[in-house]
Amino acid sequence: PRHPVAMARFGLSGIRSATGLSKHHFSGIHAPALLGGMAAHSMLPLEQSPSAGVGLMLALAGHAVGWPFARGGSQAIPNALAAHLQALGGEIITGWHVRTLQELSTSRAILFDTSPRGMVEIAADALPSGYQWQISRFRRGPGVFKIDYALAAPAPWTNDECHRAATLHLGGTFDELAASERAMFSGEHSQRPVVLVAQHTQFDPSRAPDGQHTLWAYCHVPNGSTVDMTNAIEDQIERFAPGFRDVVLARRTHNCLELEADNPNYLGGDITGGIQDLRQLFTRPAPRLDPYTTPNPQIFICSSSTPPGGGVHGLCGWFAAQSALRGILK
């Protein structure tokens, strides 16, 4: 690192819980609530380490570059990546559920952008039993309940500044946010959950028909939950945008099992690729000097179940690619 002192300062704060950091540095209600909303992305109780690190990282990114999103929808990102790969002579095959390693072409390196369990299910014959036992101990994270909305008008936020943000964290005070995440982690369903809201058509009209809008929202729930959280989510939105239900044209809900059906990597609705507590943040998916490698020199894992974990950053794949190249060039 080029800035070891700054890195050490971040580490000393980031290793803490969001509750501890908030009580040590902040007073009043606004700053703690701001930190709490961002720290909730850790999908950990806010009293648990390293929830502060997640909140600080998102705050730093917001101050430095904002939280950008792709014009035209998130599909624009994989479309651009696919076009670049094909321009280099790469081939992409879709619509094929790979079940065994023998279905894949002979390659010097195979990178699994899957859950650890998915990798083992496909490559079991090529991985030693000891490593498979380690993978079996990898712990899932909580799940989410998500709603996609079609709206006749933007959400009627009472705070005008909410219209200027593409992403919102709804939940009230830090104590309310902490109570929601604590309940979720204990296997309960909060009636006042932390709700993450994205309203991209406020800034990208191409995502909806003229004069209409889209919005999506989700809250955290216990892994594998099938509880319908629609009313709890909409009650929270109505709390800060009275009349929201009146502008809803249509909604589509997704519980944890439905999310997993759409993407088998979301085991039980876990969108972060495994719990990201201190024990599993640095040993994902198994304790190894190079976490992207496996005991088989041909097989690598590059999903969010590797460091630095879940998030919109692509670093898991970047580091896994470096590991694969080092192995190929030996």
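## Pockets, a cavity and salt bridges in a predicted model

Arg117, with a relative accessibility of 38%, counts as partly exposed, where buried means under 20% relative accessible area, exposed over 50% and partly exposed in between (1.4 Å probe, protein chains only). The structure is a predicted model, in which local features need pLDDT of at least 70 and side-chain atom pairs count only at pLDDT 80 or more, while totals for chains, interfaces and linings use all residues. Residues are numbered from 1 along each chain as its sequence is written, and side-chain values use heavy atoms, with hydrogens and water left out.

### Salt bridges

The structure holds 12 salt bridges, a salt bridge being a side-chain nitrogen of Lys or Arg within 4 Å of a carboxyl oxygen of Asp or Glu. Three of them are set out here.

| Pair | N to O distance |
|---|---|
| Arg117 and Glu121 | 3.5 Å |
| Arg251 and Glu234 | 2.7 Å |
| Arg326 and Asp290 | 3.3 Å |

Arg117 and Glu121 both lie in helix H6 (residues 116–123), four residues apart, which is about one turn of the helix; helices (H or I, at least four residues) and strands (E, at least two) are DSSP runs numbered from the N terminus. Glu121, at 54% relative accessibility, counts as exposed.

The side chains of Arg251 and Glu234 also meet in a salt bridge. This pair links distant parts of the chain, with Arg251 in strand E6 (residues 248–254) and Glu234 in helix H9 (residues 230–240), 17 residues apart. Arg251 is partly exposed, with a relative accessible area of 40%, whereas Glu234 is buried, with a relative accessible area of 2%. Salt bridges that share partners join Glu234, Asp235, Arg245 and Arg251 into one network.

On a 1 Å grid over the protein atoms alone, a cavity is a set of points where a 1.4 Å probe fits but cannot get out, and a pocket is an open set with protein on both sides within 12 Å along at least five of seven lines; lining residues have an atom within 4 Å of a point. Grid points are joined across faces, edges and corners, and a volume is the space filled by probe spheres set on the points.

The second largest pocket has a volume of about 1,300 Å³. Its lining comprises 33 residues, of which Leu34, Ala165, Thr167, Leu168 and His169 are the closest to its centre. Helix H3 (30–39), helix H4 (51–64) and strand E3 (167–170) each supply at least two lining residues, and H3 gives the most, with seven.

A search of the whole structure finds three cavities of 30 Å³ or more, and the largest cavity has a volume of about 60 Å³. Among the residues that line the largest cavity are Gly37, His41, His169 and Tyr218, and strand E5 (residues 213–221) gives the most to this lining, with three residues. Tyr218 is placed in strand E5 and counts as buried at 11% relative accessibility. The C-alpha atoms of Tyr218 and Val197, 21 residues apart along the chain, are separated by 6.9 Å.

### Backbone details

In the loop between H3 and H4 lies Met43, which has a positive phi of about 55° although it is not a glycine and counts as buried at 2% relative accessibility. Pro50 is also placed in the loop between H3 and H4, and the peptide bond from Ser49 to Pro50 is cis, with omega near 0°.
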